[in-house]
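The following note sets out points on the structure shown below.

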Amino acid sequence: MRKIWAWGALLFGILYFTLPLVGMTNFSLKMRRGEYSFDAYAKVFGDPRFQETFTYSVAQALFTIVFGILLVVPTAYWVRLKLPRLRPYIEFVTLLPLVIPAIVIVFGYIRLYNTSSWLPLTGSAFGTDILLMFGYATLALPYMYRAVDTGLRTIDVATLTEAAQSREPDGQRSWRGSSCRTRSSQCSPAPS
Amino acid sequence: MTASVTRLLGANGMSTAHTGASPPARRLPLHWLGILPFAVFVTLFLILPTMKIVVGAFQTPDGSFTLDNIQGLFTPSILAAYWISIKISIASALLGCLIGFAVSSAVVFGGLPKWIRGPLLTFSGVASNFAGVPLAFAFLATLGPVGILSVFLRSELGVDLRALGFNLLSFWGLTVTYLFFQIPLMILIITPALDGLKREWREAAEILGATGLQYWRMVAFPILLPSILGTLALLFANAFGAVATAIALTGSSLSIVPILLFAQIRGDVLGNPHLGYALAFGMIVVTGIANAIYIWLRARSERWLK
Amino acid sequence: MSFLSLTNIKKTFGPVQVVHDFNMVIEKGEFVSFLGPSGCGKTTVLRMIAGFETPSNGKIVINGTDQGTLKPNQRNIGMVFQAYALFPNMNVQDNVAFGLKVAGASKADIDARVKQMLGLIKLEHLADRFPYQLSGGQQQRVALARALAVKPQVLLLDEPLSALDAKIRISLREEIRQIQQQLGITTVFVTHDQEEALSISDRIVVMNAGRADQIGTPFEIYNTPATRFVASFVGTLNIIEGKVADPAAGAVTIGDQRISLKDSIAGMKGGDSISLALRPEAGSIAEGATGDTTLAGEVVSTSFLGSVIRTRLRVGGDVISFDMFNNPGVSPPVSGDNVTLRFAAKDLLVIRE
């Protein structure tokens, strides 16, 4: 009885999630009237503009991930190690992008960093790229910070750092060690 | 604006000083430097843009204080836009919660094969980020006038969705589409919570004479409630801010707040640039209220938590 | 009169048979312990009584009712789990009231019964606390009160003490035994701790690899173990390997020493290997010890345990230990001393598989 109900729920989920994907694939294969073909794909992949935008998206995503890691990992580490009392505040701030709709933040960017402002990021293509990356990083902040912070909690940073400092006084080694371990908890993709 | 930002930064600095109070005062600046990059980034790209909007909502174009912008929101068309946005968000959050919970509990408790779990969670991780043009296109290709499901239902079963009043570019259409990322998000968040229900709780309830329903009503559901409320608040904000999907799906034919704001960004459609600030401020207020309700409910539902 | 009977119980999980043909009859008001190492099937038998597992074969009868198709919530059984299974979202009062509430008892009845139960475990003052505010020992007492509140026919205890620290463990097991006797409730207690089982049970079932090796009172289990496993699992046991010298006279040799047994070894042949067992407290190396049998040995080591001194001796090819009470007037032996071990021949048991 319970099993039937469970399979029913799962089946509904599978149908709901595969049908749109099937529908989309079905459409993409119907470029020629009345028969299936890969024409649409050939056309898209052959289009230099597609290649260009695709490469651009991938590069943006990669830069966002790298920037996010460089920003979040040292901060989370430092807060856990030296400023544990700040943790609730930092956590609150990192959760804000879940509360403030993305479009609102973007609206703020455009008003704050327009061509006539003190930091005219929207004025040049490079500036816009940077702003876009910062925007993505901001949106990913809740997920990234939590993932890293949870990772750090499970490895007990303070103890590891003390252990490493007893051999290398500058704490460099523990930094290396814990960043290795944290890598596996870095799974949040950039929202692109 | 600067006053409030300074105050905010000041508060930040104060709590830092407070933290550093116990070690010798000389080491204080060093500790503080550690989070400086993060503080600068968050200030510039999260707090300042938000403050700009909040403050801008109460300013005239020449910078003096006014409540006219806020008053401008209370026109029938903008109120209607807010109302339908809120309705879609509540509907998709509630349905997403319900269906996501059903799927997740089917996998955790339903006695399904173990291997289903991994692919389901991986798929959920991907699908919860699936939005914008591809999502809109997928649903047009499925439930649009010539979508495969619409065509199948019409030709094979004689059910004409359009004749039944279903339209993808409507309240229900948007809700059904939003569910595509709402359900996976619920699954991602609630599955660990369901795993956290100990087998002993169920067995203890059972041996004390409780039926399955009584166990869920008196033990499991109250334990899960904080997680469920949190997910509801998150799903609400998620749907309320979803702009890319809405625009890709409906263009400007459905007047919901994010679309209105997007249009305002592209060009001043409201006739008053500062009405855009008020519109954005209103969105913050709505999600803020949703979160306040969540925090209040949560405080009531988790007295038993450490 | 049998109150709880288990007849020909078998249980297989897939290809693995975890319980082989288990038979047991428990009297009303009896306290029975299932004792054995982890994986011996003791918890599985308990879970079959509770109804969480269905026997692959056999019959469970409680108070004349076959439990065959009954679900756990229809059996009226109380159970305390190893990990404190208190409902975290309810305070102590509501946890204890849970079983009565789902049974639809009136508020007045519930309040009275909960009060009585909290009195029984002496935690009336903590009625408003949540589980996370309680210590492990307190949580298990509440779990006991919760299980007893519904007046179950049988109380099942699944290693309820193993997560607690040593001191609490001892005081709580005494409390459990006292409450059990006060209420006269039929109780099955699962444990891997032989001291625990010996100290509070009316009878013990020693389980090994899915079978009941021996069922008996703690006195019987300890003093006349039926199998080598029981002998080694319950208490400390010295095993001495020897050779049969004269089966008719009961004579065996240990190394180059010859002794006579009281246990019959008729049927064995001269030269056969034989395993003999002797409890640490059965022999003594002290001056003036009594006993009809002696073995010479060399002290390997001594440990001072307070009231008791444990000495390890090499006798023949084996090292065996013996306890003697601390005597402030006599200093303990030191390693290398040659001593004489004295014991009664009737205490030397022949181990048969």
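1. Of the 353 residues of chain C, 41% count as buried, a residue being buried if 20 or more other C-beta atoms lie within 10 Å of its own, exposed if 12 or fewer, and partly exposed in between, with C-beta atoms placed from the backbone. The model is a predicted one, in which local features need pLDDT of at least 70 and side-chain atom pairs count only at pLDDT 80 or more, while totals for chains, interfaces and linings use all residues. Residues are numbered from 1 along each chain as its sequence is written, and chains are lettered from A and ligands numbered from 1 in the order in which they are written.

2. The C-alpha trace of chain C spans about 75 × 50 × 35 Å along its principal axes. Chain C is divided into domain 1 (2–233) and domain 2 (238–350); such bounds come from an automatic or database domain assignment. The C-alpha centres of these two domains of chain C are 39 Å apart.

3. Eight helices and 20 strands are assigned in chain C; helices (H or I, at least four residues) and strands (E, at least two) are DSSP runs, numbered from the N terminus. Among contacts in chain C between residues at least 6 apart in sequence, 66% join residues at least 24 apart. Two residues are in contact if their C-beta atoms, placed from the backbone, lie within 7 Å.

4. Two pairs of chains touch, and the pair with the most contacts is A and B. Chains A and C do not touch, their nearest C-alpha atoms being 15 Å apart.

5. Within chain C, the axes of helix α4 (residues 136–149) and helix α5 (residues 166–183) come within 11 Å and cross at roughly 15 degrees. That angle makes α4(C) roughly parallel to α5(C). Axes are lines fitted to C-alpha atoms, for helices over the stretch in contact, and angles run from 0 to 180 degrees between N-to-C directions. Angles under 35 degrees count as roughly parallel, over 145 as roughly antiparallel, 65 to 115 as roughly perpendicular and the rest as oblique.

6. The crossing of α4(C) and α5(C) is right-handed; a crossing is left-handed if the near helix is turned anticlockwise from the far one by less than a right angle, and right-handed if clockwise. From α4(C), the contact involves Gly136(C), Gly137(C), Gln140(C), Leu144(C) and Leu148(C), and from α5(C), Ile168(C), Leu172(C), Ile176(C) and Leu183(C). The contact of α4(C) with α5(C) has six nonpolar, three polar and no charged residues. Here Ala, Val, Leu, Ile, Met, Phe, Trp, Tyr, Cys and Pro count as nonpolar, Asp, Glu, Lys and Arg as charged, and the others, Gly among them, as polar.

7. Where chains B and C touch, 19 residues come from chain C and 17 residues from chain B. On the side of chain C that touches chain B, β6 (77–80) and α2 (92–102) of chain C each supply at least two residues. The most comes from α2(C), with three residues. By class, that side of chain C has 16 nonpolar, three polar and no charged residues.

8. Met218(B) is in helix α11 of chain B. This residue is partly exposed, because 19 other C-beta atoms lie within 10 Å. Met218(B) and Gly271(B) are 53 residues apart along the chain, and their C-alpha atoms are separated by 55 Å.
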